[in-house]
Amino acid sequence: MTETGPLYTLKNLSKTYTRGKERIAIFEALDMTISHGEFIAIMGPSGSGKTTLLNLLGGIDRPTSGEVEFEGSRVDNLSPGKLAAWRARHVGFIFQFYNLMPTLSAAQNVELPLLLTKLSGKERKRRVHTALDIVGIADRAGHRPRQLSGGQQQRVAIARAIVADPEVLLCDEPTGDLDRASADEILATLQLLNQEMNKTIIMVTHDPAAAKYARRELFLDKGRFVEKGAGHE
Amino acid sequence: MNDATLVRKGLFRKKMRAVLLILSILIAFLIFGVLGAFYSVFTAGVDVAAANRLVTVNRINFTMSMPFAYWGRVQQVEGVDNVTHASWFGGYYQEPRNFVQSFAVDPESYLAAYPELVMPEDQRQAFLTNRTCLLVGADLAGQFSWSVGDRIPLLSNIWQKRDGSSSWDFDICAIFDGNEATVPANYAMFHYDYYNEDLAFNNDQIGWMVINTTDPSVNDRVAREIDNLFANSPAETETSTEAAFNQAFLEQFGNIALILVLVIGAAFATILMIVGTTMVMAINERTKEIAVMKTLGFNEGRIFGMVLSESILLSLIGGLIGLGLATLMVTGAAAALAGFLPGLSMPLSVVLVAIALMIGLGLVTGIVPAINATRIRIVEALGKT
């Protein structure tokens, strides 16, 4: 599959949860296409299903019905092992609370996804250094997460997400735990990754200021997407 | 960095907890190593017992003697190939703390009964022909730096000579060793005649007899016939195989095997519960970290292997340090107890069993947390619904 086709195609996607006897529908028959190189911000009220959508795109949750296609191939029906391998190869995750390993240094945290490859130790080290350099934190390579500020930790998390060179970065409230200045730095970094390295970025956020960094803003409400300017903002 | 680094980092995530767990495992394997080494040296006699050797003792107690004449009568029993006899001398050298395990024997039949005792032929002949010769085991000779040609006194705290002395003078004319490492060489023996002729009391009595049968299949019949020979006499006998006799001798000290199993079993059961519970808690604390690893693409098999490796590594660190300390303690004790328990050392069999136990302990304590780790659902663990 070439980059001329869509990166993601969601077909008739539904996700429901059962809480006690109650059945809660998050989406019903959702369709969506995401192209290579997009930077999408997904906004919406709490409980609208933003994070659930991100989980489905990242293959860490499965739809109740419908299909998730990545570069023309279904991924929602892969076995757990194949899905894990697909995630390792194609998707980078950035979380609100960084989720770094507290016992590992920044460089070791970044190296984690490369343990799933066949790269030599020397090559892994080179890539880790490059990733840390891109996010501007190479000088903190030997520091543990607790020795870093929130913004620095999120930079390490971004380096971890990009080190294996995935096509897509899924960001769940990446600036939700940061002050404005740090948030702007992180968002600028994401923008740079999108513009200079052609990474497809799908970011869930509550923050309208963060959403402005994206090329496309979507508003998720009651299981339906509404483009910005079509009644929201 | 590799998976081993992650396993090590995970194990020492909370250093104090890891150290305490290692200490508890260390103590269990320290106990196991020390008791195992002592058990091994205690039972060495059972292990080297010959299948065709019987031992006849006084039925009342093996410390009671029996008439010398029994020796000749047993030789007439059909199926008996060789009979020898021995009497406990219980000697010491120079002072009572220098205990010397020693027996008065009939030299020719004794060496015929125990072909596993080896020595140069000229020394063998010297022992057979020299009435004052002391045949010394190599370990015992080493302990007191004795060599062939030395003349030494051995004193008994049981027997006395007619002149009131309890010292017998001997010429060390031969030094024996075992043909295998498991054969004890920590005792000495001398001519019964030389000892008996000067005894102030209990003359013409022997301690026990050792019978070589023509074939192990006739053991039961020969034992019965020997005991029947002396039934209703003032000194009735009890004949059993050498292995059974050695085992019974050991049981004078208590059922060592049972004590060993109970002590080690209690220690291991406790350790199993402590380590198992702690490992479950430790993995629960890392639910989110494991979920992140799964998100990054680590599959369930790899997560399972890493958690299991962590508990095995924990067990191996504690166990190997414990076993190392046990070896040091046994080595120290071996020097101090050379006279009483020669050959005390850390046997390879104990080391191998200990390593198997370490791996087993790691597997048992790690299996539940490893399964729990594979069952972690990413979405739930990351707090997302």
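Q: What places B:Ala223 in a helix?
A: B:Ala223 lies in helix 9 of chain B, residues 219-229; a helix here is a DSSP run of H or I with at least four residues, numbered from the N terminus. The model is predicted: local features need pLDDT of at least 70, side-chain atom pairs count only at pLDDT 80 or more, and totals for chains, interfaces and linings use all residues. Residues are numbered from 1 along each chain as its sequence is written, and chains are lettered from A in the order in which they are written.

Q: Why is B:Ala223 called buried?
A: A residue is buried if 20 or more other C-beta atoms, placed from the backbone, lie within 10 Å of its own. B:Ala223 has 23 other C-beta atoms within 10 Å, so B:Ala223 is buried.

Q: What does B:Ala223 touch, not counting residues up to four places away in sequence?
A: B:Ala223 touches B:Leu54, B:Thr239 and B:Ser240; contact requires C-beta atoms, placed from the backbone, within 7 Å.

Q: What makes up the side of chain B that touches chain A?
A: 19 residues of chain B are in contact with 22 residues of chain A. Helix 12 of chain B gives the most to this side, with 6 residues. The residues of this side divide into 6 nonpolar, 5 polar and 8 charged, where Asp, Glu, Lys and Arg count as charged, Ala, Val, Leu, Ile, Met, Phe, Trp, Tyr, Cys and Pro as nonpolar, and the others, Gly among them, as polar.

Conventions:
Contact = placed C-beta atoms within 7 Å. Helix = DSSP H or I, 4+ residues; strand = E, 2+ residues; numbered from the N terminus. Buried ≥ 20, exposed ≤ 12 C-beta atoms within 10 Å, placed from the backbone.
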